[in-house]
Amino acid sequence: MNKFAYISGALLLAQLSLPRPIPAQNDGPTLNAPRNAPAGDLLNMKGVDRPSALSGVTIEQRLNSQLPLDATFRDEYGQTVQLGKYFGKRPVVLALVYYECPMLCTQILNGMVRAAKVLTFTPGKDYDVVAISFDAREGPKEALAKKAIYMKDYGHPETANGWHFLTGGPNAIKRVTDAVGFRYKWDVYTATFAHASAIYVLTPDGKLSRYFYGIEYSPKDMRLGLVEASKNKIGNAVDQVLLFCYHFDPTSAKYTFIAMDLLRAAGAATVLALGGFVFIMLRRDSRQKGNRAA
């Protein structure tokens with residue numbers, strides 16, 4: 001063995017003998033951490049030592065839960081605002097996202113805007129849209145850039161006062177996510193947040209009225225949800241008829257047509273009525289036979 005091969009082998013053995021770094025386990029990045037911070041142990045992303053990124057990631061329905069309207073955020077223009085600024089007059093559609101999310105958050109906002117395009121209700125007049133970043137490292141710069149993208153996509157710049165993109169500190173974010181039941185985690189291996197997808201409809205006084213899961217939101221469901229959340233202050237006679245014909249299924253987060261339920265109920269009532277009639281007739285016939293025998 002030549003000298004070069006011997007030295008190379010010795011160096012390789014020494015390198016392999018070093019203890020492998022254990023990636024830090026934490027709840028998320030620090031405020032000073034760069035967004036593209038290197039992830040721990042990238043060469044073992046599928047190794048057995050990797051914890052499940054989705055463990056505990058969920059959205060727990062907390063209907064009628066009160067949002068902390070005194071929580072302080074910054075709007076897309078850098079102004080310090082209380083969350084309650086966007087409540088009190090109209091129902092609110094809330095999205096919990098982070099603006100530089102490489103995947104799911106963009107799809108959530110895309111789906112929300114697609115539904116808004118079909119709705120005949122107008123942001124800023126009939127309801128407000130509030131997006132809150134749950135990444136405390138983001139600020140007004142990212143919020144304003146994201147708002148510009150979606151205002152262009154929506155195509156109605158005159159409604160800009162009805163769209164709000166907020167950022168805030170860890171405490172304010174935690175108060176909101178706790179109230180909503182939004183559970184997410186920082187994945188050190190991919191340097192991204194693991195989270196579920198939904199948007200939320202709230203009453204004018206800031207209480208959770210409806211959860212809509214996924215990344216595609218039915219305009220019909222959104223309309224009915226807003227009508228209900230507004231306590232029927234928006235909408236028309238047709239909406240009231242639809243609310244009578246539909247009911248909200250919290251397991252599927254959709255409004256389902258109840259005509260079949262009504263037909264089933266009517267059928268059951270008919271069977272009971274016929275059964276009662278047959279019972280009465282048989283009993284009367286039995287009494288008449290008894291009287292004749294006497």
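Trainee: Why does Leu104 count as partly exposed?

Mentor: Its relative accessibility is 25%. Buried means under 20% relative accessible area and exposed means over 50%, with partly exposed in between (1.4 Å probe, protein chains only). Leu104 therefore counts as partly exposed. This is a predicted model, where local features need pLDDT of at least 70, side-chain atom pairs count only at pLDDT 80 or more, and totals for chains, interfaces and linings use all residues. Residues are numbered from 1 along each chain as its sequence is written, and side-chain values use heavy atoms, with hydrogens and water left out.

Trainee: What is Leu104 in contact with, leaving aside neighbours within four places in sequence?

Mentor: His195, Ala196, Ser197 and Ile215. Contact means heavy atoms within 4.5 Å. Leu104 and Ala196 are 92 residues apart in sequence, yet their C-alpha atoms are 8.3 Å apart. Leu104 sits in helix 2 (residues 104–118). Helices (H or I, at least four residues) and strands (E, at least two) are DSSP runs, numbered from the N terminus.

Trainee: Why is Arg210 called buried?

Mentor: Its relative accessible area is 15%. The limit for buried is under 20%, so Arg210 is buried. Arg210 belongs to strand 11 (residues 208–213).

Trainee: What makes a polar contact with the side chain of Arg210?

Mentor: The side chain of Glu228, at 2.8 Å. A polar contact is a pair of N or O atoms within 3.5 Å; within protein, one must be able to donate a hydrogen and the other to accept it, and residues adjacent in sequence count only if both atoms are side-chain atoms.

Trainee: Which residues line the largest cavity?

Mentor: Val93, Met112, Ala116, Leu119, Tyr127, Val129, Trp163 and Met222. By class, the lining has 8 nonpolar, no polar and no charged residues. Ala, Val, Leu, Ile, Met, Phe, Trp, Tyr, Cys and Pro count as nonpolar, Asp, Glu, Lys and Arg as charged, and the others, Gly among them, as polar.

Trainee: How confident is the predictor in the protein chain, by average pLDDT?

Mentor: The average is 78, and 61% of the residues score at least 70. pLDDT is the predictor's confidence in each residue, from 0 to 100. Over residues 38–48 the pLDDT stays under 50.

Key:
On a 1 Å grid over the protein atoms alone, a cavity is a set of points where a 1.4 Å probe fits but cannot get out, and a pocket is an open set with protein on both sides within 12 Å along at least five of seven lines; lining residues have an atom within 4 Å of a point.
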